[in-house]
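Q: I'd like to learn how to read a fold like this one, feature by feature. Can we go through it together?

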Amino acid sequence: MILVGRYLSPFVRRVAITLDLYGMPFEHRPLSTMTDLEAIKTLNPVGRVPVLTLDDGESLVDSAAILDHLDEVAGPARALVPPAGPERRRVLNRLAVVVGTMEKAVGYVYETRRRPAERQHQPWIDTLKGQVAGGLAALEAADPQPWLAGLSMTQADVSAAVLVDFLRAMAPELLPAGSHPKLEALAARLATTPAFQKAAVPT
Ligand SMILES: N[C@@H](CCC(=O)N[C@@H](CS)C(=O)NCC(=O)O)C(=O)O
């Protein structure tokens, strides 16, 4: 399998970490939407990463769809999202908050780092900041001790830790050190694991 996209992208990184946690080997191609857009568009018509190209040549796009496939291959006993019932509902609900916050955080970074200063629209930036703050507050209140959705680690925890790492690298003003101690402790715990270290955020 080939995973396309840089680990600066939290969507790419959560797929890389999940592949590693499932023990599924893959080749990483760190293409950027800034510099390699045409190449990415040959794999994903929307020109976004991640893309996961399977061994038979089929290309899967969007991290949620990719992770759904990986969960199926891993099987219900190992999948990081439970297959059914209230456990699945709880994990998916937490995950929706994590991924929603991730989308808003990426939007904030595009707005504040990619757009020329004179074209920035402060009310929109404030809206994005407020949405990220709302998501982070909800995750902190969910008390990830030890895990966000129950007694075992799930995709909600993997993605939440990836979100924390992304904010620290790209928009530290949205997550000052010590502001969300439980969430930060979750990220610190996962940061020591081989899967997270192998897919390090580029500096
Ligand atoms: N819902 C998508 C979001 C993917 C996404 O927004 N990727 C960003 C990188 S972090 C991207 O490719 N941005 C380029 C663009 O949207 O033009 C997923 O979960 O994969």
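Q: Let's begin with helix packing: how do the axes of α1 and helix α3 sit, and at what angle do they cross?
A: Keep in mind that this is a predicted model. The general idea is that two packed helices are described by the angle between their axes and the distance between the axes. Here, the axes of α1 and α3 (residues 63-74) come within 10 Å and cross at roughly 10 degrees. That makes α1 roughly parallel to α3, since angles under 35 degrees count that way.

Q: Which residues in α1 meet which ones in α3?
A: On the α1 side you'll find Phe 11, Arg 14, Val 15, Thr 18 and Leu 19, and in α3 they meet Ser 63, Ile 66, Leu 67 and Leu 70. Sort the residues of that contact by class and you get six nonpolar, two polar and one charged.

Q: On to the sheet. What is the order of its strands?
A: In general, strands of a sheet pair through backbone hydrogen bonds, either parallel or antiparallel. This open sheet has four strands in the order β2-β1-β3-β4, and the pairing is mixed. At the edges stand β2 (27-29) and β4 (59-61), each with a single partner strand, so one side of each is left without a neighbour in the sheet. On average, neighbouring strands are turned by 20 degrees against each other, direction ignored.

Q: In which sense do β3 and β4 pair, parallel or antiparallel?
A: Strand β3 (residues 51-53) pairs with β4 in the antiparallel sense, over three bridges. If you want a spot to look at, Val 51 stands opposite Val 61 in β4. As for what covers the sheet, α1 packs on it, touching β1 (2-4), β2 and β3. The direction of α1 makes about 160 degrees with that of β1.

Q: Which residues are around the ligand?
A: Some names from our tour come back here: the residues around the ligand include Phe 11, Val 49, Pro 50, Asp 62 and Ser 63. Also in that group are Ser 9, Thr 33, Gly 47, Arg 48, Ala 64 and Val 106. By class, the shell has five nonpolar, four polar and two charged residues.

Q: Last one: how many residues of domain 1 are in contact with domain 2?
A: Start with the bounds: the domain assignment gives domain 1 (2-74) and domain 2 (85-193). Their C-alpha centres lie 20 Å apart. Six residues of domain 1 are in contact with seven of domain 2. Helix α1 (residues 10-21) gives the most to the domain 1 side, with five residues. By class, that side has three nonpolar, one polar and two charged residues.

Definitions and conventions
Residues numbered from 1 in each chain as written. Predicted model: local features only at pLDDT ≥ 70, side-chain atom pairs only at ≥ 80, totals over all residues. Near = placed C-beta within 6 Å. Nonpolar A, V, L, I, M, F, W, Y, C, P; charged D, E, K, R; others polar. Domains from an automatic or database assignment. Contact = placed C-beta atoms within 7 Å. Helix = DSSP H or I, 4+ residues; strand = E, 2+ residues; numbered from the N terminus. Pairing = 2+ DSSP bridges. Axes fitted to C-alpha atoms, helices over the stretch in contact; angles between N-to-C directions. Parallel < 35°, antiparallel > 145°, perpendicular 65-115°, else oblique.
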